[in-house]
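Visitor: I would like a close look at one part of this model, with the rest kept as context.

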Amino acid sequence: MSLWRWKRTLVRAVAGELSSQEELRLREHLRGCADCMTFYDRLVETEEGLANLRHGTGGGHGAGASATSAAREEARLREALGFPSSPLVTAGRADDNLSRGHAAASAFATKQDLGRRRAAGSSWGWALLLPAAAALFLWLRPTPRTADPSVTWRGSPAGAADREGGPRETLLVYASRKLEGGKHAPVRLVGEMPGSGESRAFVDDYLQLALRNVSNPAFAVAVAFTDEGRQHVLWPPAGQSAKRLVAEPATAVPLGPSIDLASARLSGHLRLCVMLFETAPEPTSLAALLPRACEDDAPAPPSVRILRGLLIVGP
Amino acid sequence: MTTAAPRPRTDRETEARFQRGDREAFLLVYAAHAPVLRALVGRYFTKAFEREEAVQEVWLLVHRMTASFEPERGPLLAWLRVLAANRCKELLRAKGRRPDPKVDLEDDALISVEDPEKQVRAARLQQAVGAFMATLEEDEARVFQLSLLEERTHDETAASTGMSARRCKYLRMKLLLRASVSPTLRAAFGESGDA
């Protein structure tokens, strides 16, 4: 079912037709969906294999990326590092005179044209037209039609909410290198949990946590567990109780100010855990929940959502 | 005999700027060495998505570690390869896996095209592609050739075929999807990828 919904996006991604934000969203999905990942792998293998044929190589894993996949790789890297995106570097997958929304629309129009042509050319035309029309209806139905149908394709908040299972809370982990004079380097996204599973920062970094897609009301408690079993509450600040988070859909809410990893003596393999409560947690119940919060099979009331992930803080 | 396209080289000055964390120099280093690192990572991660994620991780690590590069201790590429290999091993460990012992990780010619075995496989793949193209309609076959095999832009494909760029774009995606499920091509790719 998931693959059925994502198939078109996957093809567009491999063809280099997605924006970096759309691609980011797709990759988040791919990390948790084996079916889509297999389908994606096959598409990439085909796309690269065909392009490599020109160079006389038989392909092989990563032996030579196609121009499109090399450009996508660079775009992803630039996005992650906060570099300005380069002009479309390769095969010109997105033409100047075609917006991506138009491309989707044209794909639909051309499908109709093809369907019409084939039906007309066959004596079975009418018999085939009915199932084709039904299939077309089913194909189009899930996408809510608004004044601008491309909006949901672009991953607007509405698009995000349309994902399978609705929007899920995501813990965003940002880091920024400390510089002299109390300054810091540009902030970079190091992980999205639970999607990333593992992220990496350095001991001379400032760490900033944020939550995305928080459903209101929510009270968050963020904890880091060190290799030695030390428990470090990152949010709320010591002596304060969890505050209610107020967030617009699909926007990120920062969890307090940034944390100086070196000053907090946080290094090595940290198990990050964010617990989201619907009501302000009682100190006693929180104290009972905390020690095993980072474990996958930790007992927790169904109303508590827990996001977990590994943060490796290197020297 | 085909040869790999010449890649941009980095000079001492670029490497020094790279070491200081200069963004432009980093991108120059990326442009020069991305194919080699991609091929190296491809030896640890055979699946496309995993490989792409690992390549990204490697370059993010490189970006973080630029200051630790010391030109007097060795060439930049060697440093990059060590960093990449270590990061790949870490990622595999995190997934509870190990590098495939059959894979030769010490091969210097990571993107060499001089391998006769590869050429034989490429010839078989060529045959499979020919068989696949024979099943396409004429306009589809032209778009397949220009857009997917020759990697021409949509505008170039449109100019050569007389179709609109929009239709070329649509056909490219459609043909890519069809090729990915073609049993003939699957068999040929399986041979070239998993051998």
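Visitor: Among contacts in chain A between residues at least 6 apart in sequence, what percentage join residues at least 24 apart? Please then go closely through helix 4 of chain A, and end with the helix packing in chain B.

Guide: The model is predicted. Among the chain A contacts between residues at least 6 apart in sequence, 68% join residues at least 24 apart. Chain A has 9 helices and 11 strands, and 47% of its 315 residues count as buried.

Helix 4 of chain A covers residues 67–81. With 15 residues at 1.5 Å a residue, helix 4 of chain A should span 21 Å, and its end C-alpha atoms are 21 Å apart, so the two values agree. Helix 4 of chain A is mostly covered, with 11 of its 15 residues buried. Charged residues are among those buried: A:Arg72, A:Glu73, A:Glu74, A:Arg76 and A:Arg78. The buried set also includes A:Thr68 and A:Ser69, along with A:Ala71, A:Leu77, A:Ala80 and A:Leu81. After helix 4 of chain A comes A:Gly82, which has a positive phi, near 75°.

In chain B, helix 3 (residues 48–65) packs against helix 4 (residues 76–94) at an angle of about 125°, and their axes are 9 Å apart. Because of that angle, helix 3 of chain B is oblique to helix 4 of chain B. The crossing of these two helices is right-handed. On the side of helix 3 of chain B, the contact is made by B:Ala54, B:Glu57, B:Val58, B:Trp59, B:Leu61, B:Val62 and B:Met65. Helix 4 of chain B contributes B:Trp79, B:Leu80, B:Leu83, B:Ala84, B:Arg87, B:Cys88 and B:Leu91.

A second pair in chain B is helix 6 (residues 138–149) and helix 7 (residues 154–161), which pack at an angle of about 145° with axes 10 Å apart. Helix 6 and helix 7 of chain B also make a right-handed crossing. Here B:Arg142, B:Val143, B:Leu146 and B:Ser147 of helix 6 meet B:Thr157, B:Ser160 and B:Thr161 of helix 7. The contact of helix 6 of chain B with helix 7 of chain B has 2 nonpolar, 4 polar and 1 charged residues.

Conventions:
Residues numbered from 1 in each chain as written. Chains lettered and ligands numbered in written order. Predicted model: local features only at pLDDT ≥ 70, side-chain atom pairs only at ≥ 80, totals over all residues. Heavy atoms only, no water. Axes fitted to C-alpha atoms, helices over the stretch in contact; angles between N-to-C directions. Helix = DSSP H or I, 4+ residues; strand = E, 2+ residues; numbered from the N terminus. Parallel < 35°, antiparallel > 145°, perpendicular 65-115°, else oblique. Left-handed = near helix turned anticlockwise from the far one by under 90°. Contact = heavy atoms within 4.5 Å. Expected span 1.5 Å × (residues − 1). Buried < 20%, exposed > 50% of the residue type's maximum accessible area, 1.4 Å probe, protein only.
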